[in-house]
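Visitor: Before I look at the model, I would like each label tied to its criterion. Please go through them with me.

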Amino acid sequence: MSYRKTRIRMTRTLATLASVVLLGLLLLPSQAAAGLNIVATTSTLGALAREIGGDEAEVRVLAPPDRDAHDLDARPSFMAALRRADMLLEIGAGLEEGWLPAAQRGARNRAINSGQPGHFRAADMIELRRSITMDGPNMGHVHEEGNPHFNADPLRLADIALALAERMGDLRPDHATTFTERAERAAERLRDHAETLAEQVQPNQRIVVYHEDLDYLEEWLPVEIVGYLEPAPGIPPTARHLRSLVSDLEGTEGTVLHAAFQPARGAEFLERNLGWASHPVPLDPPADSSLEGYLELMATWAETLPQR
Amino acid sequence: MPRTPYARPVLAGLTALTLAAPGAAAAQWTAGGDNSSWGLDASLILEGVYYNELSHGNDSPAGFDDGHDHGHGHGDDHGFDDGFNLGHSEIKLDAQLGDLFDGVLTLGFDDSDIEVEEAYLTTRALPGGFQIKAGKFLSDIGYINSRHGHEWDFVNRPLVNEYLFGDHGLQETGVQATWLAPTATYTQLGVELLQGETSGIANYEGGQSALNGQERILRDRSGPRLVTAFAKFGPDLGPDHAAQFGVSGGYARSYQVTDEHSTRFEDWDGSAWFAGVDAVYKYSSGRAYGHGDWRLQGEYFYREIDVDRRDVNFEADGNGPVGFVRNEQSFKNQQDGIYVQGVYGFAPRWEAGLRAEALGLSNDVGRGDGETFGTSYRHTAQVTFRPVEPVFLRAQLSQNDFVDDHGDRDRGLEFMLQLNVALGAHGAHRF
């Protein structure tokens with residue numbers, strides 16, 4: 001008798017549980033329809049999305065801007081954010097390959113699957129520079145599509161902003177025109193700001209960077225990359241490599257730039273031995289930035305170089 | 001513009017490491033870029049282990065002989081020989097069918113055996129946060145169970161996973177359904193219907209032949225014989241911290257063991273269940289190459305086996321003729337185990353870890369008159385160096401402090417040097 005009672009109680013509990021779950025599922029889409037729920041892997045993409053989306057979008061950035069976006073875990077909180085997203089913005093070209101596919105799979109949200117309109121891969125919208133990992137032996141970290149660090153290039157970001165607005169418009173046709181207008185304005189500001197900053201820097205600057213993550217500065221500033229502190233991508237500077245850099249660059253002038261999260265030792269060695277100034281710089285704007293934050297970051301980069 | 005040359009010392013060092021470990025030098029494989037056009041990623045994981053037993057202790061922890069060593073279907077031995085070992089290497093193939101399914105095949109091999117470790121499809125397009133996985137896979141109960149050896153922080157599997165489940169953990173053929181709640185806190189619920197063959201929790205023998213009209217108690221039982229359920233929670237703790245907590249459990253409606261003694265078969269037939277909790281915490285310092293990062297991880301599992309025992313003579317002995325039945329009893333085995341481990345990145349690309357384990361905090365074995373065995377322990381320390389992303393070299397020292405069936409404790413000390421190289425495409429790291 002008591003066995004039967006437990007069964008009835010269990011059936012009831014299960015029924016209640018099932019209806020709660022169903023109710024949750026039914027309520028979910030109506031909630032999401034209000035604004036565009038966007039998850040961006042980096043804060044640079046987040047800044048573009050905020051600028052274009054305005055009040056019509058809510059943007060969450062996954063990768064902390066002061067970290068290497070290569071080396072993250074597919075955290076449970078990432079999957080929880082992606083589960084509810086209407087749109088996923090990624091850099092692509094291998095930058096997030098170490099964690100994003102696992103987070104995407106774990107999110108169980110078809111809208112952001114690769115190939116769906118809700119999945120926006122910025123690298124597909126532009127032409128990439130060659131990555132130095134494509135030359136030389138395969139050391140396990142090859143960006144076959146090209147250099148994915150185009151967050152340092154406002155000109156390419158301008159193109160990406162336009163493509164992003166179009167995609168956001170596909171998902172929210174009511175706001176398509178607004179998105180495009182905002183993107184056009186953002187693109188113009190990016191291009192103008194790049195031009196202004198470039199004019200303030202003395203011509204023919206030579207820079208040494210840590211990783212290939214600032215190569216795109218060549219695209220809009222009067223700079224030439226003359227060396228990397230890493231002997232190979234992903235391998236920290238060795239004494240031997242730094243000595244050879246010093247002997248190659250002896251007697252010339254230039255600047256050393258590296259990301260704030262990268263060890264400063266190599267840069268300091270060049271500073272001592274070549275007399276070059278070295279600057280730790282952020283690679284992405286603060287996590288909650290809109291376009292303004294990115295424009296400030298551009299100025300930070302440009303102002304590390306000798307000004308006219 | 002000089003494009004940086006690759007540092008020769010690094011390459012020379014790697015070559016030396018590769019040559020130092022057997023097997024690891026066996027193959028060079030790179031997944032061709034052309035393959036990616038039809039969505040197939042291939043990777044090869046090669047492992048070499050140098051093993052040295054510095055002092056010999058008790059072979060196995062008391063109370064865990066039955067059900068563990070009877071695991072059939074596993075050709076390989078989880079133990080290492082003194083000296084060089086190929087370790088546990090893998091070939092992994094990953095492919096997608098549009099955005100509908102992901103397919104995964106993992107073949108595990110050592111120098112004598114090759115085994116399908118996982119072969120499954122995962123749905124990618126079900127609505128409402130649901131996902132179905134079907135095939136042969138590592139169960140998602142607990143934390144370490146679903147992870148392959150090259151993802152572990154130590155050379156060997158935790159005792160609790162090995163002795164409560166099996167040499168490959170809980171690895172089964174079946175179907176899994178999971179649901180991710182649309183909440184800010186990561187909440188995943190899952191159930192699995194599994195065939196039920198894992199030695200520690202769902203050992204299966206099937207019907208055994210009758211003897212001189214004397215029926216044995218072991219019967220065929222159709223699958224699925226094992227059902228599991230789990231829940232995982234992961235609060236959002238900001239950029240520096242991340243954690244995941246899990247509870248899981250399972251019920252095997254068939255747990256069968258047969259043992260051949262000198263003149264009789266000993267048969268067990270019954271059921272088993274388990275339950276456990278797991279927790280992982282990760283701290284990210286934000287510095288390069290993992291310097292200053294922390295990982296803490298722990299799991300506890302409890303297992304109860306509830307069986308009927310019946311012995312049948314296949315040869316006449318002092319107790320009776322062929323077909324003579326004795327030792328008819330019903331009993332329970334109640335056992336558990338726990339481990340806690342921490343790993344710290346003490347320098348760029350270097351990490352060190354400690355693991356403390358206890359097996360049989362409860363160790364009641366009901367067979368015969370029933371016996372309560374003592375608790376066995378193991379303490380492990382490791383240092384790992386990652387010269388480049390896909391390569392690691394790990395030195396590990398383990399002290400086994402096992403108690404034997406007579407309550408005598410003996411300590412053994414083991415040293416292991418592991419070289420692990422991942423070639424080809426790199427799958428994304430799970431949390």
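Guide: Two residues are in contact if their C-beta atoms, placed from the backbone, lie within 7 Å. By that criterion the contact between the chains takes 55 residues from chain A and 45 residues from chain B. This is a predicted model, in which local features need pLDDT of at least 70 and side-chain atom pairs count only at pLDDT 80 or more, while totals for chains, interfaces and linings use all residues. Residues are numbered from 1 along each chain as its sequence is written, and chains are lettered from A and ligands numbered from 1 in the order in which they are written.

Visitor: How many residues of the side of chain A that touches chain B are nonpolar, polar and charged?

Guide: That side divides into 23 nonpolar, 16 polar and 16 charged residues. Here Ala, Val, Leu, Ile, Met, Phe, Trp, Tyr, Cys and Pro count as nonpolar, Asp, Glu, Lys and Arg as charged, and the others, Gly among them, as polar.

Visitor: What does the predictor say of its own confidence in the complex?

Guide: The complex has an ipTM of 0.87 and a pTM of 0.88. For chain B the mean pLDDT (the predictor's confidence in each residue, from 0 to 100) is 88, and 87% of its residues reach 70 or more. Over residues 1–37 of chain B the pLDDT is below 50, although this stretch has 66 contacts in the model beyond near neighbours in sequence. Residues 67–77 of chain B also stay under 50, with 22 contacts beyond four places in sequence.

Visitor: Which domains does chain A have, and how far apart are their centres?

Guide: The assignment, automatic or from a database, gives domain 1 (30–196) and domain 2 (202–303) of chain A. Their C-alpha centres lie 24 Å apart. The contact between them takes 32 residues from domain 1 of chain A and 26 residues from domain 2 of chain A. Helix 2 of chain A gives the most to the domain 1 side, with 6 residues; helices are DSSP runs (H or I, at least four residues) and strands likewise (E, at least two), numbered from the N terminus.

Visitor: Why is helix 2 of chain A called oblique to helix 5 of chain A?

Guide: Their axes, lines fitted to C-alpha atoms over the stretch in contact, with angles from 0 to 180 degrees between N-to-C directions, come within 10 Å and cross at roughly 55 degrees. That angle makes helix 2 of chain A oblique to helix 5 of chain A, because angles under 35 degrees count as roughly parallel, over 145 as roughly antiparallel, 65 to 115 as roughly perpendicular and the rest as oblique.

Visitor: And why are helix 5 and helix 6 of chain A called roughly antiparallel?

Guide: Helix 5 and helix 6 of chain A pack at about 180 degrees, with their axes 8 Å apart. They are therefore roughly antiparallel to each other. Their contact has 16 nonpolar, 3 polar and 3 charged residues.
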